[in-house]
Amino acid sequence: MTAQIARASNPAGTTAMWVRDRLDGLWSDEDFAGWYPRDGRPGLSPAQLATVCVLQFLLGLSDRQAAEAVRCRIDFKYALAMDLDDPGFHPSVLADFRERLAQDDRADRLLDLALARLKEAGVVRERTTQRTDSTHVLAAVRDLTRLELVTEAVRAALEEVARTAGHLLVGLVDEDWGRRYGRPVRLGKNPTRPKTRILAAGDDACRLLERLHRDVASYRPGPQAEALRQIVVQNYHRDAAGRLSWRTADDNGLPPSASAIVSPYDTTARYVRHGHIIRWKGFAAHLTETSTPPATNRRCQPGDGGRPGSAPPPSGRATG
């Protein structure tokens, strides 16, 4: 009667019904024979409790909700081979069962049994050949020199503060600041008076950050201000006399490329190098291809998405 009503009310099936239809149950009570003493009063079916724990995890249910589902839901009764009038069990039973499951290596042995039956049902296959490669992805940002990076970071932070708390810039921004940061920065690799520009940009950045830090009670710095702070730290340092100095490979060192910011507008982009020739600013996307010989391998292309007609018939699954 339980099976008849479950199939009539759920003709397409549910997750709980699939467990019983495809696997005939993940476990049987004989698999738990060593978990319980030979004497004592009869207990609940451990195979049913273990299956409820799996369904509870799949559906994101609490102990109380799982116990209520066993008592009220037809598909749960179907999966557990229970009669329609079965009252189920108290939610605390699940906690007691998990404590018993955590002893020794019972969870691992139970998982091995489940994997063996999943393999028999054809749900889990043997390990196949895998190959992993990477391809470069360019960030949607301009390629900036270090001086351009600092100057553009100051400009971006000024625009952010002007939009959200313009009163903080009163008495700080003057005509010289307008000339330096009024438009996108384009200095090139050989700007005029580079040392003067480096010190001026660093001093302006520090003055702006000090102003924002002083008014932190009324203004919370945004992402551009935080990017400016990190960019200043990675490009400047204070010498023994407390003066602001430009970092070099020989003078206090530079941060590794894996952590150095290359654009104030995309703080996740990095300088990436592949071998000694290919260099770019952005990301490295790793792609893994699985295949089962001797079938034709399928190469996963960025943006392919596995659309029909975009590649030869797949022999495995490609993931990025």
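Where does Asn252 lie? Asn252 is found in the loop between strand S3 (244–246) and strand S4 (270–274); the legends below begin with that view.

The model is predicted, with local features requiring pLDDT of at least 70, side-chain atom pairs counting only at pLDDT 80 or more, and totals for chains, interfaces and linings using all residues. Residues are numbered from 1 along each chain as its sequence is written, and side-chain values use heavy atoms, with hydrogens and water left out.

**View 1. Asn252 in the loop between S3 and S4.** Helices (H or I, at least four residues) and strands (E, at least two) are DSSP runs, numbered from the N terminus. The phi of Asn252 is near 70°, a positive value in a residue other than glycine. Most residues other than glycine have a negative phi. With 52% relative accessibility, Asn252 counts as exposed (buried means under 20% relative accessible area, exposed over 50%, partly exposed in between, with a 1.4 Å probe and protein chains only).

**View 2. Arg193 in the loop between helix H9 (175–181) and H10.** Arg193 has a phi near 45°, again positive in a residue other than glycine. Its relative accessible area is 58%, and Arg193 is exposed.

**View 3. Helix H8 (residues 146–165) against helix H10 (residues 194–214).** Their axes, which are lines fitted to C-alpha atoms over the stretch in contact, with angles from 0 to 180 degrees between N-to-C directions, come within 10 Å and cross at roughly 30°. H8 and H10 are therefore roughly parallel to each other (angles under 35 degrees count as roughly parallel, over 145 as roughly antiparallel, 65 to 115 as roughly perpendicular and the rest as oblique). The contact (heavy atoms within 4.5 Å) involves Leu147, Val150, Thr151, Val154, Ala157, Leu158 and Val161 of H8, together with Pro194, Arg197, Ile198, Ala201, Ala205, Leu208 and Leu212 of H10.

**View 4. Helix H2 (residues 15–23) and its buried residues.** Ala16, Met17, Val19 and Leu23 of H2 are buried. Helix H1 (2–9), helix H3 (46–59), helix H5 (74–79) and helix H7 (106–120) are among the elements that cover these residues.

**View 5. Confidence along the protein chain.** The average pLDDT (the predictor's confidence in each residue, from 0 to 100) is 81, and 90% of the residues score at least 70. Among the elements, helix H11 (residues 223–235) has the highest mean pLDDT (93) and strand S6 (residues 318–319) the lowest (37).
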